[in-house]
Each structure stands twice: as structure tokens, then as C-alpha cells.
Amino acid sequence: MVFDLMINNMPVRAKYSDQNVKEIFLPLLYKLDALQKKKNSRILVMAAAPPAAGKSTLTKALACMADGIPGMEKITVVGMDGYHKYQSYLDTHTLFREGEEILMAKVKGCPETFDIEKLEGKIREVTAGKTGTWPDFDRIKEDPVEDALIVDSDIVLLEGNYLLLNEKGWRDLSKYADYTISISADQEFLRSRLIDRRVRAGIPRKDAEEFVDFSDMYNVRMCLRNTMPADLMLYLESSGEYSILHESGL
């Protein structure tokens with residue numbers, strides 16, 4: 001199946017094999033629909049993965065698939081990227097990494113560059129069943145866009161790198177989830193995808209490699225090492241195919 005999507009205000013074409021759709025994605029959608037109907041109120045699903053593992057694209061594609069199934073509850077997809085701290089903040093604040101003081105803008109995308117308190121507050125609103133708004137992230141402007149999305153469905157799918165991170169503050173977020181999904185992949189495969197992504201955005205390859213190796217790969221290793229177990233654990237092959245590493249009996 002092929003999907004033309006908008007991710008962070010940028011067009012993305014996603015293609016998934018019939019086997020993945022039939023054996024993984026559709027069963028997942030039916031499971032989430034059944035879970036929502038059993039609860040008879042809104043459910044929150046969290047999907048976590050390292051950078052470049054395809055979580056944003058996959059979650060948007062899942063929502064499109066759900067739209068095509070008669071009687072299935074609509075899925076609203078939101079991302080934690082809307083809770084990036086603003087670029088003006090990152091340009092004027094620092095953090096310490098391995099004893100070195102670093103400008104936050106140079107490591108944008110690491111856990112410290114997100115407003116976790118604001119994110120958790122919005123998650124509490126969502127799990128209370130309220131209709132409300134959610135911020136998006138504009139990849140062109142490199143800043144959040146407040147109130148960009150409407151949350152009004154009974155299945156909300158929240159995606160982000162650190163939603164299942166087993167570190168202080170972040171590990172508390174999973175208690176709000178009715179179902180969790182994680183994606184992992186080979187480090188070198190993710191590095192290649194991250195570099196290619198920046199090159200396609202017009203960044204010279206040398207500069208792209210330097211940023212990815214200094215910043216992005218630190219986050220990749222953190223996610224692969226410290227993501228907590230999920231109800232559904234997927235692995236992204238270098239071919240683009242997904243496989244199931246673990247699936248709970250929920």
C-alpha cells in the first residue's frame with residue numbers, strides 16, 4: 001500500500017508491503033478498535049522509536065488505513081515533536097553532556113530540548129477524554145505550531161522518540177497509555193537514513209554527517225538502549241519490512 005502523507009509540514013510518500021499490512025498493521029488496528037470498544041471511552045496508544053525508524057510515517061499510515069475500514073473508530077495521530085522547546089530558547093540555553101557545556105541548538109532533538117512538563121499536562125487532558133487541540137512541529141520553520149491539531153476521536157495515537165524512555169520523568173509517561181508500541185532497527189541503517197534525510201533537505205553531506213554523528217546518533221543509541229518493553233515490539237529491517245519481536249496477549 002502507498003500513502004501520500006504530510007509529516008511535520010513536509011510531503012512524504014510511504015509504501016508498505018501487502019504482507020506487513022495483512023499480518024501486522026490490520027491486526028493491530030482491529031486490536032486497538034476492540035480495546036476502545038471494551039473500555040467504552042478514549043484510549044491512548046503510545047508509539048516510541050529512535051530517530052529515523054519510521055514511527056511518524058507509520059502512525060499516520062495506520063490512521064489512513066483505519067479510515068478505510070467500515071465501522072472502525074477514527075484514529076487521531078499526534079506527536080511529541082510539538083513539544084520541542086522553541087528555537088529561540090535553544091539558541092540561548094545550554095546543557096551539560098559528559099562534562100562539556102553545549103548549546104541546546106547543537107543537540108536539538110535530545111530529551112532535554114523538549115518541554116516534558118507541558119507534554120505530560122496535555123496527555124492528562126487527552127486521557128480525560130476532552131476534545132482539545134495539540135501542537136504540531138513545522139520542519140521548515142523548525143518550531144512548534146500551537147493548536148495545530150484537533151483531538152476529538154476515541155483512539156489517540158501519540159508518537160515520539162522518548163515516550164517509553166526508561167529515564168527520570170520520561171518513564172512516568174507510559175502510565176497514561178492503554179497500549180504501547182516500540183520500533184527498533186540497526187544503528188548503521190538508522191544513521192544512513194538520518195544522513196540522507198538531511199541531505200534531501202539541502203544540507204551538504206559533510207555537515208549532515210557531522211550533525212548526525214554528534215547529535216542524532218547519541219539519541220539513537222539512547223533509545224535503543226533505554227526504551228522500556230512495549231505491548232507490541234517491532235523491528236524495521238534495512239529492506240523497509242517490519243517484523244514482530246514481541247506481542248502481548250491483550
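**View 1. Strands β5 and β6 pair in the antiparallel sense over 4 bridges.** In this predicted model, strands are DSSP runs of E with at least two residues, helices are runs of H or I with at least four, and both are numbered from the N terminus. Two strands count as paired if DSSP finds at least two bridges between them. β5 covers residues 94–97, and β6 covers residues 100–103. The two form a hairpin with 2 residues between them, and Glu98 in the turn has a positive phi of about 55°. Phe96 stands opposite Glu101 in β6. Leu95 and Arg97 make up the covered face of β5, while Thr94 and Phe96 make up the uncovered one. In a regular strand the side chains alternate between the two faces of the sheet.

Residue numbers start from 1 along each chain as its sequence is written, and side-chain values use heavy atoms, without hydrogens or water. Local features need pLDDT of at least 70 and side-chain atom pairs pLDDT 80 or more, whereas totals for chains, interfaces and linings use all residues.

**View 2. Helix α1 (residues 18–39) has a kink of about 30° at Phe25.** The bend is the angle between axes fitted to the seven residues ending at a position and the seven starting there. The kink lies shortly before the proline Pro27. Buried residues (under 20% relative accessible area, 1.4 Å probe, protein chains only) of α1 include Ile24, Phe25, Leu28 and Leu29. Just after the helix, Asn40 takes a positive phi of about 60°.

**View 3. Asp186 caps the N-terminal end of helix α5.** A side-chain oxygen of Asp186 lies 3.1 Å from the backbone nitrogen of Glu188. Phe189, Leu190, Leu194 and Ile195 of α5 are buried, and what covers the buried residues includes β10, α6 and β11.

**View 4. Phe114 and Trp170 form an edge-to-face aromatic pair.** Rings of Phe, Tyr and Trp (its six-membered ring) pair if their centres lie within 6.5 Å; planes over 60 degrees apart count as edge-to-face. Here the values are 6.4 Å centre to centre and 85° between the planes. Phe114 lies in the loop between β6 and α4 and Trp170 in the loop between β9 and β10, so the pair ties together parts 56 residues apart in sequence.

Key:
The expected span of a helix is 1.5 Å times one less than its number of residues. Buried means under 20% relative accessible area, exposed over 50%, partly exposed in between (1.4 Å probe, protein chains only). Contact means heavy atoms within 4.5 Å. A polar contact is a pair of N or O atoms within 3.5 Å; within protein, one must be able to donate a hydrogen and the other to accept it, and residues adjacent in sequence count only if both atoms are side-chain atoms. Rings of Phe, Tyr and Trp (its six-membered ring) pair if their centres lie within 6.5 Å; planes under 30 degrees apart count as stacked, over 60 as edge-to-face and the rest as tilted.
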